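Let's take a friendly look at how some side chains pair up in a protein model. Have the sequence and the 3D view ready as you read.

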Amino acid sequence: MTIFPPDPDFEALRLELARLRAAQGWSYDELAARSGLARRTLIEIEQGRTIGTLKTWHALAHALSTPLDELFATLRNGHQPPEKPDN
């Protein structure tokens with residue numbers, strides 16, 4: 001029997017990006033300059049039009065001084081960890 005994981009919560013991830021950017025008081029232009037990403041890319045991600053690549057999220061986490069694992073933790077909002085099989 002195949003057990004599929006729940007869908008990642010991309011909405012929570014993009015909202016976390018917007019929250020972190022706002023907490024720094026940064027505009028899209030400021031985050032773009034600090035991350036090396038295009039302003040348009042940031043807007044597309046925050047507005048949910050694209051997800052971005054792992055490289056994109058790595059650059060954002062670095063620019064925001066946020067560990068990547070903490071940023072990605074929002075993807076599993078509401079998820080229960082899988083149960084370990086009985087031996």
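## Arg19 and its partner

Arg19 is partly exposed, with a relative accessible area of 46%. Keep in mind that this is a predicted model. Arg19 makes a salt bridge with Glu16, and their closest N and O atoms are 2.8 Å apart. Glu16, on the other hand, counts as buried at 18% relative accessibility. You'll find both Arg19 and Glu16 in helix H1 (residues 10–24), 3 residues apart, which is about one turn of the helix.

## Bridging two helices

In total, the structure holds 7 salt bridges. Another of them joins the side chains of Arg21 and Glu46, at 2.7 Å from N to O. Arg21 belongs to helix H1 and Glu46 to helix H3 (residues 39–46), so this pair ties together parts that are 25 residues apart in sequence. Both Arg21 and Glu46 are buried.

Arg21 has something else going on: its charged end sits over the ring of Tyr28, 4.1 Å from the ring's centre.

Within helix H3, Glu44 and Arg40 are 4 residues apart, about one turn of the helix. They form a salt bridge whose closest N and O atoms are 3.2 Å apart. Salt bridges with shared partners link Arg40, Glu44 and Arg49 into one network.

## Rings that meet

A search of the whole structure turns up 1 aromatic pair. The ring centres of Trp57 and Phe72 are 6.3 Å apart and the planes are at 65 degrees, so the pair is edge-to-face. Trp57 is buried, at 3% relative accessible area, while Phe72 is partly exposed at 24%.

Terms used:
Residues are numbered from 1 along each chain as its sequence is written. This is a predicted model: local features need pLDDT of at least 70, side-chain atom pairs count only at pLDDT 80 or more; totals for chains, interfaces and linings use all residues. Side-chain values use heavy atoms; hydrogens and water are left out. Rings of Phe, Tyr and Trp (its six-membered ring) pair if their centres lie within 6.5 Å; planes under 30 degrees apart count as stacked, over 60 as edge-to-face and the rest as tilted. Buried means under 20% relative accessible area, exposed over 50%, partly exposed in between (1.4 Å probe, protein chains only). A charge sits over a ring if NZ of Lys or CZ of Arg is within 6 Å of the ring centre and within 35 degrees of the ring normal. A salt bridge is a side-chain nitrogen of Lys or Arg within 4 Å of a carboxyl oxygen of Asp or Glu.
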